[in-house]
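Hello,

Here is the structure I said I would pass on. My notes on its salt bridges and domains follow below.

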Amino acid sequence: MAQRKTDIGPPHYQKFLPPIVKQNYGQWRYHEILKPGVMVHVGESGDKLYTVRAGSPRLLSIQTIREFCDLADKYSGGYLRFTSRNNVEFLLTDPGKIEPLIADLAAKGFPVGGTANAISNMVHTQGWVHCHSAATDASGVVKAVMDELVDYFTTTKLPAKLRLALACCLNMCGAVHCSDIAILGVHRRPPKIDDEKVPKICEIPSVVAACPTAAIRPKRIDGKESVEVIEERCMFCGNCYTVC
């Protein structure tokens with residue numbers, strides 16, 4: 001069984017580690033922040049791994065991904081990684097390549113920063129691109145906010161680390177509850193019911209079960225199965241939109 005090969009699941013993560021990380025795995029002594037967006041990890045062996053962090057959109061075009069990959073090929077041996085807050089990090093072993101990489105990132109419009117006493121890149125939900133229950137878009141709002149606050153991303157003049165987030169609805173899949181400041185999109189009206197269409201396109205038990213506050217219950221209208229909304233219980237989360 002040890003030699004068994006299967007295509008179930010992702011490849012083992014160690015296949016994608018840079019050689020310096022494999023050689024010093026579990027044996028890092030300390031790390032330092034050299035300047036905003038630039039860190040160095042020092043291993044017990046004396047090896048040094050330099051990280052350059054840049055802000056990245058969450059929704060990436062193929063062109064942007066190729067630009068990142070080209071920079072990784074040029075400066076970091078083809079190795080990069082994305083953080084949970086939509087930053088892209090390039091892993092270098094040659095400190096002489098740090099400033100040229102930062103210059104190339106700046107020329108392409110990607111600011112370097114987000115470390116120490118700064119704001120991290122803004123994490124957000126999917127918005128109207130993928131989500132049925134979104135009360136607002138995500139990417140446009142995040143871009144507008146970060147354009148105003150970018151100076152706090154590229155410097156360390158805040159008193160402490162600050163995490164920002166945006167959620168498009170009350171379900172908060174953007175982890176706004178794990179952030180310091182959040183922008184939250186909220187539906188302001190209860191759902192409207194089309195009794196003619198509900199029994200044709202909705203699975204009524206799923207619609208009822210989707211409501212976290214039990215504000216939806218089955219109801220028969222003119223002999224047809226439908227639902228009704230108890231408006232005083234509705235929290236405007238939009239879950240019912242997703243399943244119906």
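This is a predicted model: local features need pLDDT of at least 70, side-chain atom pairs count only at pLDDT 80 or more; totals for chains, interfaces and linings use all residues.

Glu89 is buried, at 3% relative accessibility. The side chain of Glu89 forms a salt bridge with that of Arg81, with 2.7 Å from N to O. Arg81 has a relative accessible area of 39%, so this residue counts as partly exposed.

Over the whole structure the search returns ten salt bridges. Two others from that search are described next.

Lys224 and Glu196 meet through their side chains in a salt bridge of 3.2 Å, N to O. What does this pair tie together? Lys224 sits in strand β10 (residues 224-229), while Glu196 sits in the loop between β8 (181-184) and α5 (198-201), so the bridge connects parts that are 28 residues apart in sequence. Lys224 is partly exposed, with 38% relative accessibility. Glu196 is partly exposed too, its relative accessible area being 44%.

The other pair is Glu228 and Lys219, whose side chains form a salt bridge at 3.5 Å, N to O. Lys219 has a relative accessible area of 37% and is therefore partly exposed.

Now the domains. The assignment divides the protein chain into domain 1 (21-108), domain 2 (119-184) and domain 3 (197-242). I looked at how domain 2 and domain 3 meet. Taken over C-alpha atoms, their centres are 31 Å apart. Five residues of domain 2 are in contact with seven residues of domain 3.

The size of an interface is often expressed as the accessible area lost when the parts come together. For domain 2 and domain 3 that buried area is about 450 Å², and 49% of it is on carbon and sulfur atoms. On the side of domain 2 that touches domain 3, the residues divide into two nonpolar, three polar and no charged.

How many salt bridges cross the interface of domain 2 and domain 3? The rule finds zero.

Regards

Definitions and conventions
Residues are numbered from 1 along each chain as its sequence is written. Side-chain values use heavy atoms; hydrogens and water are left out. Domain bounds come from an automatic or database domain assignment. Contact means heavy atoms within 4.5 Å. Buried area is the accessible area (1.4 Å probe) that two parts lose on being put together, summed over both. A salt bridge is a side-chain nitrogen of Lys or Arg within 4 Å of a carboxyl oxygen of Asp or Glu. Ala, Val, Leu, Ile, Met, Phe, Trp, Tyr, Cys and Pro count as nonpolar, Asp, Glu, Lys and Arg as charged, and the others, Gly among them, as polar. Buried means under 20% relative accessible area, exposed over 50%, partly exposed in between (1.4 Å probe, protein chains only). Helices (H or I, at least four residues) and strands (E, at least two) are DSSP runs, numbered from the N terminus.
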